[in-house]
Amino acid sequence: MSAIGVLSSCSCLRPGVWLLKPGMQQMGSFGLHTAARCATKDYYEVLVLGGGAGGITMSARMKRKVGAGNVAVVEPSETHYYQPLWTLVGGGAKRLATSARPTGSVMPKGVEWIKSRVTALDPDKNCVWLENDIKISYKYLIIALGISLHYEKIKGLPEGFDHPKIGSNYSVHTVEKTWKALQDFKEGNAIFTFPNTPVKCAGAPQKIMYLSEAYWRKTGKRSKANIMFNTSLGVIFGVKKYADALLEIIKERNIAVNYKCNLVEVRADKQEAVFENLDKPGVTEVHQYEMLHVTPPMGPPDVLINSPVSDQIGWVDVDKETLQHKKYPNVFGIGDCTNLPTSKTAAAYDGYTSCPLVTGYNKVILAEFDYDAQPLETFPIDQSKERVTMYHMKADMMPFLYWNMLLKGYWGGPAPVRKLMHLGLK
C-alpha cells in the first residue's frame with residue numbers, strides 16, 4: 001500500500017479502523033520519546049504540525065506505519081491539556097491540574113518533538129518554515145493546528161478578565177475565573193454568550209450555564225439569578241432532536257434565551273456587556289451583569305490565513321471523506337483547522353460528531369450526529385434524555401480513554417461499539 005493509502009486508511013476516516021488490532025490491547029508506560037529540540041533532521045517521512053489531540057494521535061499511528069525516527073511533531077507548548085474537562089473545571093467539579101500533562105509525557109515513543117512554531121507552509125516545495133528560519137521538508141504532511149481564540153475582537157478584552165465577575169472556560173488563563181465568578185454571585189443577571197464565528201465544542205457555552213444554574217439551586221441563590229443565554233445563532237442547537245430536549249430543560253429551569261445576539265464589548269469596570277442585534281446591524285443593547293461567561297470569537301490560526309493549503313477563510317481545504325488536501329495529495333488536514341462540514345471538536349471524525357451536553361452535576365445528554373445533522377447514536381436508548389451514566393462517561397471514562405488510548409493511537413471513538421450494539425439488536 002502506498003504511503004498515501006496508509007495515511008488515508010489509518011486517519012480519522014473510516015469507522016472500521018478503530019477496532020483494536022491484535023497485540024495493541026497491551027499498553028505499557030509512556031516510554032521515552034525523542035526529546036524536544038530544534039529539529040535534528042531537515043527531512044521527515046511524515047511531519048505533523050500541531051501537538052494537540054489530533055496531532056499526537058496521528059503521530060502515534062504514523063510511527064507504527066513508517067517507523068521510529070521518521071515522524072516529527074512541531075509543537076511549541078510545553079503543556080498538553082485535555083480541554084473537554086474545562087467545562088467541569090469552570091463549574092467547580094474538577095481541578096484544572098487534572099486536565100494537564102507535560103507535552104513530553106504524551107509524545108509517542110520514537111516520535112521527534114520539535115519544540116517550535118510553524119511560520120509558513122510551502123506545499124509546492126514540500127516544506128515548512130519554523131521560527132529562526134528553520135526549514136523542514138517532508139514526504140507527507142499532516143496539519144493539525146487547531147483553532148485560535150480571539151478575545152481581542154471583543155472591545156474591552158482580554159484586559160477585562162483582570163476584573164471580577166467574568167470568566168471563560170475556553171482558556172487555561174480564565175477557566176478558574178469562571179468558578180470564582182460562579183461562587184461569588186450574589187444577585188442579578190448571569191449572562192452566557194455564543195459568538196458569531198465557528199467555535200470548538202459548540203455545546204460548551206451552554207454547558208456551563210446549566211452547571212451554574214444547578215450550583216445556585218444547591219446554594220439557595222437560584223431565585224436571585226436572572227440567567228440569560230445570548231447567542232449569535234438562531235437555534236439553541238443544530239440537531240433538532242437534541243435542540244427540542246434542551247428547550248424543554250431551558251423552559252423548566254426558567255432560562256432566558258436571546259437569539260441573534262452577539263457580544264461586541266465588555267465594560268468590566270462597570271459590569272456591563274454590550275450586544276449587537278445581528279438582525280439589525282449596528283443596533284446594540286447594554287446588559288448589566290453579576291456574572292459573565294464569555295465564549296470568544298474563533299478562527300483559523302494566523303499561519304493558515306492566505307496559505308496555499310487553505311480556503312478563502314483560512315481553513316485547510318480537505319476532502320470530507322478522506323481528509324486529503326484537494327490540491328496537494330501528500331497533504332492531509334485533521335481537526336478544527338480544516339473546513340470539514342462538521343462541529344469543531346476532538347470528538348468529530350468520518351462525518352460523526354459527539355457532544356456530551358452537560359446539563360447538571362450528574363446529568364448529560366449525549367448528542368451524536370452525522371454530517372447532515374441527523375442523530376447517529378451509539379447506544380440502544382433515547383440519548384436525548386438526561387442520564388447519570390452519560391455524565392460519568394464524560395467526567396470519568398473519557399479522560400481515561402483520552403490519556404491512555406486516544407493519544408497512543410489505540411482508540412478513535414465509538415464506531416466499533418456502535419456497530420456491535422446495533423448487531424446485537426438484530
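Mentor: Helices (H or I, at least four residues) and strands (E, at least two) are DSSP runs, numbered from the N terminus. This is a predicted model, in which local features need pLDDT of at least 70, side-chain atom pairs count only at pLDDT 80 or more, and totals for chains, interfaces and linings use all residues. Residues are numbered from 1 along each chain as its sequence is written, and side-chain values use heavy atoms, with hydrogens and water left out.

Trainee: Thanks! How many helices and strands are there in the protein?

Mentor: Using those DSSP runs, we can count both kinds of element. The protein has nine helices and 23 strands.

Trainee: What percentage of the 426 residues count as buried?

Mentor: Buried means under 20% relative accessible area, exposed over 50%, and partly exposed in between, with a 1.4 Å probe and protein chains only. Of the 426 residues, the buried share is 53%.

Trainee: Is Leu130 buried or exposed?

Mentor: Leu130 belongs to strand 8 (residues 127-130). Leaving aside residues up to four places away in sequence, Leu130 touches several others, including Val74, Ile114 and Ile136; contact here means heavy atoms within 4.5 Å. Its relative accessibility is 2%, so Leu130 counts as buried.

Trainee: How far apart are the C-alpha atoms of Leu130 and Val118?

Mentor: Val118 is also among the residues that Leu130 touches. Along the chain the two are 12 residues apart, and their C-alpha atoms are separated by 4.3 Å.

Trainee: How many aromatic pairs does a search of the whole structure find?

Mentor: Rings of Phe, Tyr and Trp (its six-membered ring) pair if their centres lie within 6.5 Å; planes under 30 degrees apart count as stacked, over 60 as edge-to-face and the rest as tilted. With that rule, the number of aromatic pairs found is nine.

Trainee: Why is the pair of Phe237 and Phe369 edge-to-face?

Mentor: Phe237 sits in the loop between strand 13 (225-231) and helix 7 (240-252), and Phe369 in strand 23 (residues 363-369), so you can find them 132 residues apart in the chain. Both Phe237 and Phe369 are buried. Their ring centres are 5.9 Å apart and the planes are at 85 degrees, so the pair is edge-to-face.

Trainee: Which residue forms one aromatic cluster with Tyr402 and Trp403?

Mentor: Tyr402 and Trp403 form an edge-to-face pair, 5.2 Å centre to centre with 80 degrees between the planes. Both of these residues are buried. The cluster of Tyr402 and Trp403 also includes Tyr82.
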